[in-house]
Amino acid sequence: MIIMQTDATPEEIAQVIKEVKKYGLRADVSRGAYRTVIGLVGDETKMPFDHLATLPGVKEAFMIDTPYKLISREYNNFSETGERPFVVKVGNIEIGGDEPIYMAGPCAVESKEQLFKIAEGVKKAGAHILRGGVFKPRTSVHSFQGLGAGGEEEAREALDWLRAAGKKFEMPVVTEIRGETQVDLVAEYVDILQIGARNMYDQDLLVKAANTGKPIMYKRHFGAGIEEFLSFCEYIAAEGNKDIILCERGILPVGKGKGYTRYTLDLSAIPAIQKETFLPIMADPSHATGRRDLIFSMSCAAIAAGACGLMIETHYNPSEALVDGQQMITPDELKDTIDACQKVHKAIRLSKN
Ligand code: PEP
Ligand code: MN
């Protein structure tokens, strides 16, 4: 990391960037109100920090010993956003701001009617963002893979419904990209690109998604530690895209727990991750529990733990859903859940003041 002097000139900053490139590294430039901070992307051991520190306009140059410095609080304390909360803006919605954000919708987009009916229901229930899978990651090749599996024409049709439903009910929309070939197509239609748990490690997908410039909802893999999660997240930030919303969606359950919940919602990861990074982190109680009867309590718990929002799978008739019916709640139940979460959020906020 290179901290520039408060009165460093644009020419001095450009000179430092040039120098960084000379050593085969990239520069992540954060221009703050008072000073500019330059983070290095690449193998820092190649960098003669002592030499950098002598360049005109440089206040300090040193190595940060963390694999995820661009998204770390440590780096952020020196840069642009400072101590203020970092928010990801999607339309007029702020994720990571004062109020929790609720994303809801079906697991998979199945038809125009299904999607519009659910969109109307979740909007009334208080959701801010509409979700719906078009390309579904499925364990079995014999299961419904989402309408996107029917080819580009069908994918575009489903994505178009998603965009239209979002427009009609005034909600930005989010859907998953499961592979690199889907990125440009999906980016034409949605406001947020979702990278699912199974693809957390797919560097090429992360880079490609980051370069669309769209906000990215990035889910933790069910076997990934926090350090791995944040380290791979850094691949997105290193492309210059920090509009990232992290999502805790449950880790692998152990022993007898396997029979009771689909995964284990790692609530402690929420405040632990918040101590590491300025990026907002939300929770997905639906995939974490796999049980509709646990959504209410785990939603409240996640908000109490400091989640910036929730993703909750919702359907007007969960029993007819082609995917994940067992974990979906109805729009009425979503409303009760959101109302309770808002009370929890308020109580926590009051207790902090
Ligand atoms: C999803 O949100 O549709 C999904 C498949 O979740 P995950 O990647 O967490 O399993
Ligand atoms: Mn699902």
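With which residue does Arg-26 form a salt bridge, and how far apart are the closest N and O atoms? The partner of Arg-26 is Glu-239, with the closest N and O atoms 3.5 Å apart; a salt bridge is taken as a side-chain nitrogen of Lys or Arg within 4 Å of a carboxyl oxygen of Asp or Glu. The structure is a predicted model, in which local features need pLDDT of at least 70 and side-chain atom pairs count only at pLDDT 80 or more, while totals for chains, interfaces and linings use all residues. Residues are numbered from 1 along each chain as its sequence is written, chains are lettered from A and ligands numbered from 1 in the order in which they are written, and side-chain values use heavy atoms, with hydrogens and water left out.

The domain assignment divides the chain into domain 1 (2–63) and domain 2 (88–352), with bounds that come from an automatic or database assignment. The C-alpha centres of domain 1 and domain 2 are 37 Å apart. Contact (heavy atoms within 4.5 Å) involves 4 residues of domain 1 and 4 residues of domain 2. The two domains bury about 270 Å² between them, 28% of it on carbon and sulfur atoms; buried area is the accessible area (1.4 Å probe) that two parts lose on being put together, summed over both. On the side of domain 1, Arg-26, Asp-28 and Val-41 lose the most area to domain 2, together 93% of what that side buries.

Between domain 1 and domain 2 the count is 2 salt bridges, and by the same rule the count comes to 19 salt bridges. Lys-242 and Asp-28 also meet in a salt bridge, at 2.9 Å from N to O. This pair links distant parts of the chain, 214 residues apart: Lys-242 is in the loop between helix H8 (226–237) and strand S12 (244–248), and Asp-28 is in strand S2. Helices (H or I, at least four residues) and strands (E, at least two) are DSSP runs, numbered from the N terminus.

The manganese ion (ligand 2) is coordinated at 2.0 to 2.3 Å by Cys-107 (SG), His-287 (NE2), Glu-313 (OE) and Asp-324 (OD). Donors are N, O and S atoms within 2.8 Å of the metal (3.2 Å for Na, K and Ca); water is not among the atoms, so sites may look incomplete. Along the chain, the donors follow the spacing C-x179-H-x25-E-x10-D. His-287 lies in helix H10 (residues 285–289) and Glu-313 in strand S14 (residues 309–313), so this pair ties together parts that are 26 residues apart in sequence.
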